[in-house]
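Morning, everyone. Please look at the sequence and the model on the screen, and I will walk you through a few features.

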Amino acid sequence: MNYVLYQRITCPYCRKVLRYMEQAGIQLPMRDTTDPEALEELITLGGKAQVPCLMINGKALYESDDIIAYLQEHLADQ
């Protein structure tokens with residue numbers, strides 16, 4: 001699987017996902033959308049600028065609770 005987490009440090013929902021990842025010991029490639037290139041990439045791939053966004057093999061998953069549920073099911077305790 002190919003994962004990239006698009007986030008912005010000022011976003012409380014992004015921080016929620018990052019806290020969960022830290023607690024669960026999950027490390028993923030991340031892109032900060034304060035970087036205009038990362039933001040453009042997110043919009044091109046996902047169709048909108050909403051963060052957090054977990055790209056899973058090029059498919060966008062939005063909403064912090066949905067991202068955390070996915071990570072719990074697929075990446076936690078590996």
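One definition to begin. A residue counts as buried under 20% relative accessible area, as exposed over 50%, and as partly exposed in between. Keep in mind that this is a predicted model.

Now use that definition. Asn57 has a relative accessible area of 46%, so it is partly exposed. Where is Asn57? It is in the loop between β3 and β4, with β4 covering 59-62. Asn57 is not a glycine, yet its phi is positive, about 50 degrees. For background, most residues other than glycine have a negative phi.

Glu63 is another such case. Its phi is positive, about 75 degrees, and Glu63 is not a glycine. Glu63 lies in the loop between β4 and α3. Its relative accessibility is 46%, so Glu63 counts as partly exposed.

Staying with the backbone: which peptide bond is cis? The one from Val51 to Pro52, with omega near 0 degrees. Pro52 belongs to the loop between α2 (36-46) and β3 (53-56). Again for background, most peptide bonds are trans.

On to the sheet. It is open, it has four strands, and the order is β2-β1-β3-β4. The pairing is mixed. Which strands stand at the edges? β2 (30-32) and β4 do. Each has a single partner strand, so one side of each has no neighbour in the sheet. On average, neighbouring strands are turned by 25 degrees against each other, direction ignored.

Look at β1 and β3. They pair in the antiparallel sense, over four bridges.

Now the side chains. How many aromatic pairs does a search of the whole structure find? One. The ring centres of Tyr3 and Tyr70 are 6.0 Å apart, and the planes are at 65 degrees, so the pair is edge-to-face. The cut-off for that label is over 60 degrees. This pair links distant parts of the chain: Tyr3 is in strand β1 (residues 3-7), Tyr70 is in helix α3 (residues 64-74), and 67 residues separate them. Buried or exposed? Tyr3 and Tyr70 are both buried.

The charged end of Lys48 sits over the ring of Tyr62, 4.4 Å from its centre.

Terms used:
Residues numbered from 1 in each chain as written. Predicted model: local features only at pLDDT ≥ 70, side-chain atom pairs only at ≥ 80, totals over all residues. Heavy atoms only, no water. Phe/Tyr/Trp six-rings, centres within 6.5 Å; stacked < 30°, edge-to-face > 60°. Helix = DSSP H or I, 4+ residues; strand = E, 2+ residues; numbered from the N terminus. Buried < 20%, exposed > 50% of the residue type's maximum accessible area, 1.4 Å probe, protein only. Lys NZ or Arg CZ within 6 Å of the ring centre and 35° of its normal. Pairing = 2+ DSSP bridges. Axes fitted to C-alpha atoms, helices over the stretch in contact; angles between N-to-C directions.
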